[in-house]
Amino acid sequence: MKESGKALAHPLLMVLVLAAHAAMLLVILPMGNFAEWVKLACAVLTMDFIGSIVLQLVQRQACTVDTVLLLVLGMSTIYQSCFGGLEFAWKHYLFGLIAFLACQVSYLVVRNPYRAERLKPLWYTLFGILLLSILLLTGSRGIWIDLGFITIQPSEFVKPIFVLICASSMQTQLKKSSVLGIHFVPDNLGLILCTVLIAAVQWWCRDLGSLPTFAAVALVGLYLRFFYLREKFSMRLVVFLGICGIAACIAAWKLAPAYVQERLHSDIWSDMTGSGYQQVKGLVAIAEGGWFGKGAGAGSLHSVAASNTDLIFASICEEWGLFSAVMAVILVLFMPAAGLTVPPRSYYHAGLTVGVAAVFIVQMTLNIFGSCNLIPFTGVTVPFLSQGGSSMLSCGILAGFLKAAQAPQFTIPVKKGGKPNGGAA
Amino acid sequence: MDITITEWFTQYPALREGLTAFAVIFVDLCALAILLAAKRERNHSDRHWAKETHGLMLQSGEEYYPLGSAEILIGRHPAADIRLDDPEISRFHALLTFSNGQWHIEDVSSGNGIKVNGACLTKSRVLRNQDVIAIGKRRMRVVRGDGKDVRS
């Protein structure tokens, strides 16, 4: 599976990742509970070691995304283990490890854009199965499937599938069908139908926090299809779509459920012990943390519900300071940024990269701005930093898409008995 | 020495801040190194692409069109990767694709067709070095080049 050509193994990068984790572990050493510290240190450093070996085995041509992923996963495991006293967050660590492996698997699946495009019927099928599971298995319009030993949020897994559906190659865009004299691209119709379906299901199960993420992915997907590959630029189409978008926003605003209306209009400072409790506590924690924080384990936000998921930014700010929290956020954004630094070599991979960038940016914006009371609280997680297995796994798969765009493979499988192709020049 | 972490940090706030800053500096260093690595990967990606695609490019008179991605659209439309301003050329005329180490050319429902080495193109065919593509009044020769991105 090794790539040909000069390998770009970055042993120095891995040493720096190890050093950064070791420095963070040193900072929390005075917290006491030495047994837990040893567990945490061994786990984080082992993940770095396993990561570097996997990188050597899977591919060495582009490892920026993997290096950032390993750095962020180790950092988030240390953060999660320190909230409210040092205790190794083994669940978070385990899901982090699975996310890293999921990243490698998804990279191998989509690194060949021709094969990934051919698998589109499979993506549509998986999309349908996941929507059905949301409708049938979550029970009473919920978003969780309780398997007893574990709870799964199927809508999280819809995100990578939806990104795969949004990406499209030039060849697919040039294939047109005609029904009753109306010309259309079947793949574009599929994307529009999927967008409508996911919006309807999310509305039905009251998971409105994820709607902006899906809307952002659909918008960038549609932009790449209708405006970059446009056959005829139409100002009327832009105006029509703009009016439709504004009308949809107004309708959503007016028809939103009562609890959403309450969040949109509530003043958290007038109801500090009620609906504004989490945000008030979060804002106070950010302010108390200052530049360098109160110290790992010395915060009080851990007693508030969802402190390690929805309020993760405020929790890191409180214990580690604004510098660390902003750095963690920037590092997560490094992943799509690295994917955009090395320009994708195919339209399909370009679609995947901007789709993943849309997911990461919108989710982080919703979470952080929600914590800071700039927008209503949505309950969306920060990729890789918040606790949650479904979110972690889904983000790991998305990171694999970014890696695929950086180290692509352009091979059309030759049928058995077919004549292999020769050189080009 | 039975002292809690909160008391410890309260007693020595400067040391606590120094420790956190120490960790942040290491993370920052790591981020900086990753940024530099990303830049190096970009250069490596360009070289790898040029090698994989045999550095082929299209030449039309004095103009050179490097083939920087696996799908290159040729046409009159502003969105085309290689834009040729000629009324005989369709908005989206030809598509070059790269797979299995070879460049292929196919007609994208053009009005006036494509000729490769004087023969009309009826289905997708492989492009080789020194092949001549005729699109409208334009003649484009496949030549070896440096493989820079046509969209940059």
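Helices, of at least four residues, and strands, of at least two, are DSSP runs numbered from the N terminus. In that notation, the elements of chain B run α-α-β-β-β-β-β-β-β-β-β-β-β from the N terminus on. The legends below describe a predicted model.

Figure 1. Chain A contains 16 helices and four strands. Its radius of gyration is 23 Å, close to the 22 Å that the globule rule gives for 425 residues, so chain A is as compact as a globular protein of that length. The C-alpha trace of chain A spans about 70 × 55 × 40 Å along its principal axes. Of the 425 residues in chain A, 49% are buried. Among the contacts in chain A that link residues at least 6 apart in sequence, 75% join residues at least 24 apart.

**Figure 2. Contact between helices α1 and α3 of chain A.** The axes of α1(A), residues 11-28, and α3(A), residues 64-82, come within 10 Å and cross at roughly 10°. Angles under 35 degrees count as roughly parallel, and α1(A) and α3(A) are therefore roughly parallel to each other. On the α1(A) side, the contact is made by Leu13(A), Val17(A), Ala20(A), His21(A), Met24(A), Leu25(A) and Ile28(A). The residues contributed by α3(A) are Thr67(A), Leu70(A), Leu71(A), Gly74(A), Met75(A), Ile78(A) and Cys82(A). In this contact of α1(A) with α3(A), eleven residues are nonpolar, three are polar and none is charged.

Figure 3. Leaving aside neighbours within four places in sequence, Ile134(A) is in contact with Pro154(A), Ser155(A), Val201(A) and Cys205(A). Cys205(A) lies 71 residues from Ile134(A) along the chain, and the C-alpha atoms of the two residues are separated by 7.9 Å.

**Figure 4. Overall view of chain B, with its two helices and eleven strands.** Buried residues account for 38% of the 152 residues in chain B. Among contacts in chain B between residues at least 6 apart in sequence, 44% join residues at least 24 apart.

**Figure 5. The five-stranded open sheet of chain B.** The strand order is β4-β3-β5-β6-β9, and the pairing is mixed. β4(B), residues 82-83, and β9(B) stand at the edges, each with a single partner strand, so one side of each is left without a neighbour in the sheet. At one end of the order, β3(B) and β4(B) run parallel and are joined by two bridges; here Gly75(B) stands opposite Arg83(B) of β4(B). β5(B) and β6(B) run antiparallel and are joined by six bridges, with Thr97(B) opposite His104(B) of β6(B). These two strands, β5(B) and β6(B), form a hairpin with two residues between them. In the turn of this hairpin, Asn100(B) has a positive phi of about 50°. β6(B) also pairs with β9(B), in the antiparallel sense, over three bridges. In that pair, Trp103(B) stands opposite Leu127(B) of β9(B).

**Figure 6. The six-stranded open sheet of chain B.** The strands follow the order β2-β1-β11-β10-β7-β8, with antiparallel pairing. The edge strands are β2(B), residues 63-66, and β8(B), residues 119-120, each of which pairs on one side only. Within the sheet, β7(B), residues 114-116, and β10(B), residues 132-135, run antiparallel and are joined by three bridges. Ile114(B) stands opposite Ile135(B) of β10(B).

**Figure 7. Interface between chains A and B.** In the interface, 54 residues of chain B are in contact with 58 residues of chain A. On the side of chain B that touches chain A, the elements giving two or more residues are α1 (5-11), α2 (13-52), β3 (71-75), β5 (94-99), β6 (102-107) and β9 (125-127) of chain B. The largest share of this side, 25 residues, comes from α2(B). The residues of chain B on this side divide into 29 nonpolar, 14 polar and eleven charged.

Terms used
Residues numbered from 1 in each chain as written. Chains lettered and ligands numbered in written order. Predicted model: local features only at pLDDT ≥ 70, side-chain atom pairs only at ≥ 80, totals over all residues. Rg over C-alpha atoms; globule rule 2.2 N^0.38 Å. Buried ≥ 20, exposed ≤ 12 C-beta atoms within 10 Å, placed from the backbone. Contact = placed C-beta atoms within 7 Å. Nonpolar A, V, L, I, M, F, W, Y, C, P; charged D, E, K, R; others polar. Pairing = 2+ DSSP bridges. Axes fitted to C-alpha atoms, helices over the stretch in contact; angles between N-to-C directions. Parallel < 35°, antiparallel > 145°, perpendicular 65-115°, else oblique.
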